[in-house]
Amino acid sequence: MSPLAPAKFPDLPEIAGVEFASAAAGVKYAGRTDVMLARIAPGASIAGVFTTSSTRAACVLDCQEKLAMRAPDDAGAAIIVNSGNANAFTGKRGQESVDKVTGAVAEALDMPISRVFSSSTGVIGEPLPHDKIVAVIDSLTQRLSPAGIEDAARAIMTTDTYPKGAFAEIQGEGGKIKIAGIAKGSGMIAPNMATMLVYIFTDAKITPARLQKMLSRQVDDTFNAITVDSDTSTSDALIVAATGKSDAAEIADLRSEPAKAFEAGLRGVMMDLAHQVVKDGEGATKFVEIRVTRARSNEDAHKIAMSIANSPLVKTAIAGEDANWGRVVAAVGKSGAEADRDKLKISFGDMVVAEKGWRVPDYSEEAASAYMKNDELVIGVDLGLGRASKSVWTCDLTHRYIDINADYRS
């Protein structure tokens, strides 16, 4: 279990119009729960963002194609996810497997195949044993329950050490709106869209276009602002389903107060899940915010923040609780963004350790080292050049990361 893990899985609210089931199909390991199914009520709005990798998995390509289609107003929807096999770089067989799995779900739940979305996570380059998944679909459909979301979160785990969940409840116009989400992810985390596998459910009434707009504009500061190891997955997917079952009025004007409250709630769930992914980074013992301020542009702020967050030298220094701020200086310099040595200020928490081209006169190695022993750290970089800022979140790099990934396939 990650030392940064929450005390327990949160008590997620049931979302009217969504049911879950999970099963052990033996995709990779016998006896391990590795498939989850979510059934979503007719009329639901679906939105999603996916990896921009040029080697996207078959399920990602399939989801993107289906989301671009116009859905029948009375059609339900479903999401089926397996762990243990990514169904990526599997050629035509990959799409055939997607069709077999989604087709079986569509038949079992009596809905169009165009409304069945699938995800796969695990080993790349191995054919998906779709027959094992198809074999448990009838059992899954018989056990669908609104209360099954925690088991669903466990079913999608790979090297995760704990299931990840988050929720929000906001006041809409005429009633409450609930939002609940689950995620998996702990390695191959450097998204360029969203991240890993994430599924968020809400009972809000909102059109697919408005839901997609909200989702897309909240991605950059949440799932696009985390990194564990600088590697973008072939299979990253974030899908949001809105069932429309809340008593609250439809969110029809994105400038309205209910719309702003709902988007803030959605952002909060996304941010919570994104942070949990980092806290479960493979081998992680430290949760780190890289906070860049006064950059010349937003692009420069992002470049510098990610350069620091992805630096193996910075991350190993953090793992060793070494207050080596020189490695932060180097990461700023290599980023390709504008920086001025004599205007740069570097902080560990509230402690300024270097500025004006040199360490501060009262710098204390003992105080800096003591700060590095905290489980959660903030590394601040003030560029002194403009008004742009960016925060990203990362973790340390320990030998445990090597142990996990050296043996991941074999």
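Student: Which residues are linked with K164 in a network of salt bridges?

Tutor: In this predicted model, the side chains of D160 and K164 meet in a salt bridge, 2.8 Å from N to O. K164 also forms a salt bridge with D280, where the closest N and O atoms are 2.7 Å apart. The residues linked with K164 in the network are D160 and D280.

Student: How many residues apart are D280 and K164?

Tutor: K164 belongs to strand β6, residues 164-172. D280 sits in the loop between α7 and β10. The pair links distant parts of the chain, and the separation is 116 residues.

Student: Is K164 buried or exposed?

Tutor: A residue counts as buried when its relative accessible area is under 20%. The relative accessibility of K164 is 0%, so K164 counts as buried.

Student: What is the relative accessible area of E321, which meets K286 in a salt bridge?

Tutor: The N to O distance between E321 and K286 is 2.9 Å. K286 counts as buried at 3% relative accessibility. E321 is partly exposed, and its relative accessible area is 27%.

Student: Why do the buried residues of α6 line one face of the helix?

Tutor: The buried residues of α6 are L211, M214, L215, Q218 and V219. An α-helix has 3.6 residues a turn, so residues three or four places apart point the same way. Seen down the axis of α6, the buried residues line one face because they fall within an arc of 130°.

Student: Which elements do the buried residues of α6 pack against?

Tutor: Helix α6 covers residues 208-219 and reaches 16 Å from its first C-alpha to its last. Its buried residues include L211 and M214. They pack against β3, β9 and α7.

Student: Which strands stand at the edges of the open sheet of 4 strands?

Tutor: The order in this sheet is β1-β2-β4-β5, with mixed pairing. Each edge strand has a single partner strand, so one side of each is left without a neighbour in the sheet. The edge strands are β1 and β5.

Student: Which residue in β4 stands opposite V35?

Tutor: Strand β2 spans residues 35-40 and β4 spans residues 77-85. The two run antiparallel and are joined by 6 bridges. Opposite V35 stands N82.

Conventions. Residues are numbered from 1 along each chain as its sequence is written. This is a predicted model: local features need pLDDT of at least 70, side-chain atom pairs count only at pLDDT 80 or more; totals for chains, interfaces and linings use all residues. Side-chain values use heavy atoms; hydrogens and water are left out. Two strands pair if DSSP finds at least two bridges between them. The expected span of a helix is 1.5 Å times one less than its number of residues. Buried means under 20% relative accessible area, exposed over 50%, partly exposed in between (1.4 Å probe, protein chains only). The arc is that of the directions from the helix axis to the C-beta atoms. Contact means heavy atoms within 4.5 Å. A salt bridge is a side-chain nitrogen of Lys or Arg within 4 Å of a carboxyl oxygen of Asp or Glu.
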